Amino acid sequence: MKTITFANLTDIGQVRTENQDAVGKFPSDNLDISSPKGQLFIVADGMGGHAGGREASRLAVETVAKSYFDSTGTIVESLKQAFNAGNKTIYEESLNNPQLRGMGTTCIALVFQKGVAYVAHVGDSRLYRITPRSIDQLTNDHSKVAEMVRRGIITAEDAENHPERSMLYRAMGVSARMEFDVMNGLQLSSDEYYLMCTDGLTGYLGPAELQEIVSARPPDEACSLLVEYANRRGGLDNITVQIIHVKGDSFLKSMLSPE
């Protein structure tokens, strides 16, 4: 039987005057992955000025969680409904409040239900699957520079210092309609970790360091150490991490299929 443990941590960083990231785990009172809707984990990185970014990420976490658990559809249908609800809520709030005009946010939602994981994603916050031997990035950054790398226009090395590396072409709440990615059918294996994080972390630590730190420590210790490293190396952005450790009997070979 599969069981999970988790931890999360969000930090303002060394330069910003407020934290525009948001993180959540729902339901807050149990870790039962056998329930019909399982366990939902969310990370969001807001943008659009001080008030706008903070409000957008908060609304994303709250609206996605509420809509997901209110939905009577399948897990995939519920995630899609929740992301569309989050987009609608943020977009309409930005239209109604001039101080919030143009706000938006990245958003990753990860669901564990029995032996399967489901993901919905928009923006450049990331989800990694980590074992003691490997690390795989499961999400594609919806950024202009990442798309240039995928098309072979620039190299991954060029992207690291590109002046437009934070420019997104998809985000939650910036327009009336939003495209986002949904993945399902990720079969959980024993002794693996899922790392959700904003670019305030990945701007300072590469995959090899993430893999070593996450796989060698309990989630709470790994969260603290990752944030500490990012701050030591500059901390120019808010930093948010959420780590889930899956334990239990192995399942069949992992399968990841976009929907």
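Visitor: Is Glu77 buried, exposed or partly exposed, and why?
Guide: Glu77 counts as partly exposed because its relative accessibility is 46%. Buried means under 20% relative accessible area, exposed means over 50%, and partly exposed lies in between, using a 1.4 Å probe and protein chains only.

Visitor: What kind of model is this?
Guide: This is a predicted model, where local features need pLDDT of at least 70, side-chain atom pairs count only at pLDDT 80 or more, and totals for chains, interfaces and linings use all residues. Residues are numbered from 1 along each chain as its sequence is written, and side-chain values use heavy atoms, with hydrogens and water left out.

Visitor: Where is Glu77 found?
Guide: In helix H2, residues 75–96. Helices (H or I, at least four residues) and strands (E, at least two) are DSSP runs, numbered from the N terminus.

Visitor: How many helices and strands does the protein chain have?
Guide: The protein chain has 7 helices and 12 strands. Of its 259 residues, 52% are buried.

Visitor: New topic. Which residues does a cis peptide bond join?
Guide: Phe26 and Pro27, with omega at about -10 degrees. Pro27 sits in the loop between strand E2 (21–26) and strand E3 (39–47).

Visitor: Why mention that?
Guide: Because most peptide bonds are trans, and most residues other than glycine have a negative phi.

Visitor: What is phi for Lys114?
Guide: Near 55 degrees, a positive value, and Lys114 is not a glycine. Lys114 is in the loop between strand E5 (107–113) and strand E6 (116–122).

Visitor: And what about Asp191?
Guide: Asp191 is not a glycine either, and its phi is positive, at about 55 degrees. Asp191 lies in the loop between strand E9 (181–187) and strand E10 (192–197). Asp191 counts as partly exposed because its relative accessibility is 34%.

Visitor: Now Asp124. Is it buried or exposed?
Guide: Asp124 is buried, and it has no salt bridge. A salt bridge is a side-chain nitrogen of Lys or Arg within 4 Å of a carboxyl oxygen of Asp or Glu.

Visitor: Which side chain of opposite charge is nearest to Asp124?
Guide: Arg126, 7.2 Å away. Lys and Arg count as positive, Asp and Glu as negative, while His and the chain ends are not counted.

Visitor: What does Asp124 touch?
Guide: Leaving out residues up to four places away in sequence, Asp124 touches Thr106, Asp141, His142, Leu168 and Asp199. Contact means heavy atoms within 4.5 Å.
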